[in-house]
Amino acid sequence: MKILVSFSRIFVAALFLFSGFIKLNDPVGFSYKLQEYFGEGVLNLEFLIPFALLISIFLVIFEIVLGITLLLGYLPKFTVWSLLLMIAFFTFLTFYSAYFNKVTDCGCFGDALPLTPWESFTKDVILLVLILVLFFGRKYITPIKPFAIHKWVVFATFTACLGFAYYVLMHLPAFDFRAYKEGVNIQEGMEVPEGAPKAEFAYHWKFDVNGEEKIVTTSGDYPKVEGKFIEVETKTVKEGYEPPIHDFAIEKNDTDYTTEFLEKENLILIVTYNLSKSEAEGLYAIKKVTDKAISQGYDVIGLTASTPKDIAQVQQQYSLDFDFYTTDETALKTILRSNPGIVKLEKGTIVKKLHWNDAEKLNLEKVTPSKPKINLILKAQLDSIMKLDQDGRSSGEISWEEQKIVDSTNTIFIEEVFKKYGYPGKTLVGEGTNIAAWLVIQHSDKIGAYLPLIKEAGEKGELDKKSVAMMEDRYLVQQGLEQIYGSQVVNLKSNSLIWPIKDAESVNERRKEVGFTETIEEYSERLLGISYKMYTLEEVKKIKENSNQ
């Protein structure tokens, strides 16, 4: 019995120390696992979710301290009772999780040694047996001499654990066991090697044959059964190969940009799994480093699972000059244990990962900015749309009714483009073609709906400011309000004139700011052949009334 107790004592202590240290290295990751257990589908203890990180730190430090006290033989009664209660709870938890398939990895050894639910349960059963041996044979747990240092060793262990936990929380885990560690190429991590085992499924087809239910099982093919099909149930017979990275994607407006960004030579990812939970101090730190990165020639994007509303709010509040893309929240939590955090990529290879506390440590030597990748298919489509828009107006070969049909069709297409890509500016379709969507909307009745999008494109340099100004003027004229830049002319029966301008005395300054090369006077002479005359809205209204008489 004494030998069995000694073996159990060393084995259990070593396992608790190893397990505790692995989780202490990544308490945030362990807290995510606890949140799964506390969730509605498992223990239904959702009120504990906000405290998951504190609980995770307490549990792992307690686990390490128990391992130390067991080795020392310090407080043996307290130690074995604590071990027994802890392993009894976790044995129940892993059985519940495995039997009902609630949590696919218990997180016992973090990401260093992932275990399936049944492997976790088996491990806990073995530990339970060994701890029972310790419980009933605790009289054989002989304390290690000198006894006087026991409490100081425990105190030093506790203090060291607290210090280590604080360090990894303020920075990043000291040891990275995840699929996204430095040196990993994300694209290669997503590939399935040739000859890798494939998943096998059993399809249970249910039919109604002459009033009786009949189930036919196949590996996928639809069975030839003379009867009415009811339903099919699919079960996994054999798990196939799953690449280390299987849930990573960079998307925006239902478009996948993963390959495009992973091919860039110098890319900075700002990882923020949830912007509403991001620390303000961290976002200010991110602002500084991203501004510098952009000025040094790097491509910078944000990855988040937050809503567009949250994204817009944070971008405005912190003046962030980069776009956000959508990525799975679990993937983002796995990539980086910091919200926000920084990942530096070179052609898809992770070269640096930093907590926002260490943002100033990011090495940003000057690099050559990458050339934007033009969507050639969309460019060709927009060039065709632009030709349709202009040909009828310039040639005069089609009637106004026919032109309205063309404009309507073009508008429908452009609205679909907006949904998928946002405004198709020069980065996406190149200089020249970037005016196509603007032309279509300028000739539609949808200016009010899309003017904010057009303005945003102008602010980002995707569309020239002069075009934005012309659309803004047209919208104001449609509303019967004074225009700002004097770009819009009204044709009356008696004569044509430039629509009234707000603060007309300073209009030439505004025109110059947005790219007009002519003054309002020069514009009037060239377009109308008359000297510019300033009108008020009331005067134009009277001219219209007189023209209609």
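**Entry 1: helices 18 and 19**

I looked up helix 18 (residues 507-514) against helix 19 (residues 520-528) in this predicted model. Their axes lie 9 Å apart and the packing angle is about 85 degrees. Axes here are lines fitted to C-alpha atoms, for helices over the stretch in contact, and angles run from 0 to 180 degrees between N-to-C directions. The angle therefore makes helix 18 roughly perpendicular to helix 19. My classes: under 35 degrees is roughly parallel, over 145 roughly antiparallel, 65 to 115 roughly perpendicular, the rest oblique. Helices (H or I, at least four residues) and strands (E, at least two) are DSSP runs numbered from the N terminus.

I then listed the contact (heavy atoms within 4.5 Å). Val507, Asn508 and Arg511 in helix 18 meet Ile520, Glu521 and Tyr523 in helix 19. By class I get 3 nonpolar, 1 polar and 2 charged residues. Nonpolar means Ala, Val, Leu, Ile, Met, Phe, Trp, Tyr, Cys and Pro; charged means Asp, Glu, Lys and Arg; the others, Gly among them, are polar.

As the model is predicted, local features need pLDDT of at least 70 and side-chain atom pairs count only at pLDDT 80 or more, while totals for chains, interfaces and linings use all residues.

**Entry 2: helix 3 and its partners**

I checked helix 3 (residues 52-72) against helix 6 (residues 150-170). They pack at about 150 degrees, axes 10 Å apart. Helix 3 is therefore roughly antiparallel to helix 6. Helix 3 contributes residues including Ile57, Ile61 and Ile68; helix 6 contributes residues including Val153, Phe158 and Leu162. The contact has 14 nonpolar, 3 polar and no charged residues.

Next I took helix 1 with helix 3. The angle is about 155 degrees and the axes are 8 Å apart. Helix 1 and helix 3 are therefore roughly antiparallel. Their crossing is left-handed. On helix 1 the contact includes Arg9, Phe16 and Lys23; on helix 3 it includes Glu63, Gly67 and Leu71. The count is 13 nonpolar, 3 polar and 3 charged.

**Entry 3: the cavity**

I searched for cavities (on a 1 Å grid over the protein atoms alone, sets of points where a 1.4 Å probe fits but cannot get out; lining residues have an atom within 4 Å of a point). The structure holds 1 cavity of 30 Å³ or more. The largest cavity has about 290 Å³ of space. Grid points are joined across faces, edges and corners, and the volume is the space filled by probe spheres set on the points. Of its 22 lining residues, Lys23, Glu63, Phe90, Cys108 and Lys123 are the closest to the centre. Helix 4 gives the most to the lining, with 5 residues. The lining divides into 15 nonpolar, 3 polar and 4 charged.

Most residues other than glycine have a negative phi, and most peptide bonds are trans. Lys145 and Pro146 are joined by a cis peptide bond, omega about -5 degrees. Pro146 sits in the loop between helix 5 and helix 6. Pro340 is in the loop between helix 11 (329-335) and strand 9 (341-346). Leu75 has a positive phi, near 50 degrees. Leu75 lies in the loop between helix 3 and helix 4.

Conventions: Residues are numbered from 1 along each chain as its sequence is written. Side-chain values use heavy atoms; hydrogens and water are left out. On a 1 Å grid over the protein atoms alone, a cavity is a set of points where a 1.4 Å probe fits but cannot get out, and a pocket is an open set with protein on both sides within 12 Å along at least five of seven lines; lining residues have an atom within 4 Å of a point. A crossing is left-handed if the near helix is turned anticlockwise from the far one by less than a right angle, and right-handed if clockwise.
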